[in-house]
Amino acid sequence: MTRTAGASAAVATGTAGASAAGAGSGGGRGSRTVPAQGGDGGDGAPGGQGTAAGDRDGAPDGRDGQSDGRDGVSGGRDGAAGPRRGSFLAPYRRLFAAPGSLAFTLTALVARLPGSMLGVSIVLMVALTRDSYALAGAVSATGVAATAVCSPLLGRLVDRYGQSRVAVPAVLVFAAGMGAMLLCVHHDAPAWTLFVCAVGSSAVPGVGAMTRARWTELYRDDAAARHTANSFEQVVDELCFMVGPALAMVLCTTVFPEAGLLTGATLMVAGTLAFAAQRTTEPPPHPRTTAADGTAAGAGAPLRIPELRMVLVTFLATGALFGSMEVATVATVESYGSGTASSAVLALQAAGSCVAGLVFGTLPVRGSATARFVTGVAAMAVAVPPLLLAGNLPVLAVLLLLAGMATAPTMITGMSLVQRVLPPARLNEGITTVYTGLLVGISAGAAAGGWTVEHLGADAGYAAPAVAGALALAAAVGGARRTAPRAGRARG
């Protein structure tokens, strides 16, 4: 049980690294003040035109209002009476009608899939060659910590200099670090060299965040399309985290220990270079010396924005829920005598999130984004405690499927809220900052879940994610209350 819990915690840590480096939901162009063209979640002024006094999450004059706004119910450009009608996939077909959208999506997919492979591959490679899960987990955790520091900095450079100018050298630095780690493992170099390589390979380009920025550039005046794009990108993330770890395990255990990392690094380099070559859809950079949409490009540090801080703190606790739930699920399934089914059960949870995300992307956005976010976090928090009473594998699988269905809508709404309040010149930096919070939370949650299973037993394993869910809900509610007065002043 100890070895299983330790390995699961390390795997969750590796998955978290991919979230911060390669994932990212949102990517809207909304700024802290409502621009004339409006933004996500419903532009309340007539005809979809936002006003300077409009509340981002408020009533008819706000960005989330419902009277004749882009996402409103009656007459809005992206309202329910508009392009939302038709078949289930109509919004997605409409999304990919933009020239170049399919090309950057496919190349980004090649670069993003390895993100969910790298952590698992490092853990298995080190554990199989050095016979130490402790060393494997420590090396993986070092890489996660370095990525948490580097990701927002790389995001800032992308905002300032452009995607291709930053992504290409960054992925080459990453390749050098991964290549050095493979050589150190193959030639049985001292353990400390693995930590150095883990730090050196932390320059992972945030391809997921860059894809959101491209969708935003393509649909800057179409809030409904941006909502669908956010939903689609979240589904892609879930699919990557379903396929990637399993692929890494097969390669490392059936080919040779370094096969997973070698394959993942190769795909990431090739995919990133191909993605960077798609220049026609690349958003323009925002140098510090110029202005974008009337605001200074270097102004408005993301952490100064109350809404972003709310989502960041909530994602810290949400990440802890994810990390501890993975460890608890592996331990619980093993306690039922069906340890080999843990991957399938976790995949079922991710499948629930995928389905919910796809459906959510076809629905018109209504009401307050903050209220939707709090509701989603509440659904996630409420879905965890029943897992403590599952008792058998079929019931656990159903409960995890239902719990997963609350994940994608919550993540989509949270990142949509973030993208709305970020200045365009800080878009990538803000997205990666928030996802760094998720990364840190998953790592801490995996460790907490492992401790809970080891000291309290598998029966109490879901206590850790239940506590994390309660903390996430408290953070969301508290943050919503703190941002409400500011929204009220904006309306006034």
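Author: Buried means under 20% relative accessible area, exposed over 50%, and partly exposed in between, with a 1.4 Å probe and protein chains only. The model is predicted, so local features need pLDDT of at least 70 and side-chain atom pairs count only at pLDDT 80 or more, while totals for chains, interfaces and linings use all residues. Residues are numbered from 1 along each chain as its sequence is written, and side-chain values use heavy atoms, with hydrogens and water left out.

Reader: Is D188 buried or exposed?

Author: Start with where D188 sits: the loop between α6 (163-186) and α7 (191-200). Helices here are DSSP runs of H or I, at least four residues, and strands are runs of E, at least two, numbered from the N terminus. D188 has a relative accessible area of 56%, and the cut-off for this class is over 50%. So D188 counts as exposed.

Reader: What is the phi of D131?

Author: Most residues other than glycine have a negative phi. D131, in the loop between α4 (115-130) and α5 (133-161), is not a glycine, yet its phi is positive. The value is near 55°.

Reader: At what angle do the axes of α11 and α16 cross?

Author: Axes are lines fitted to C-alpha atoms, for helices over the stretch in contact, and angles run from 0 to 180 degrees between N-to-C directions. The axes of α11 (residues 306-335) and α16 (residues 427-456) come within 6 Å. They cross at roughly 35°.

Reader: How much of the protein is buried?

Author: The protein has 17 helices and two strands. Out of its 492 residues, the buried share is 60%.
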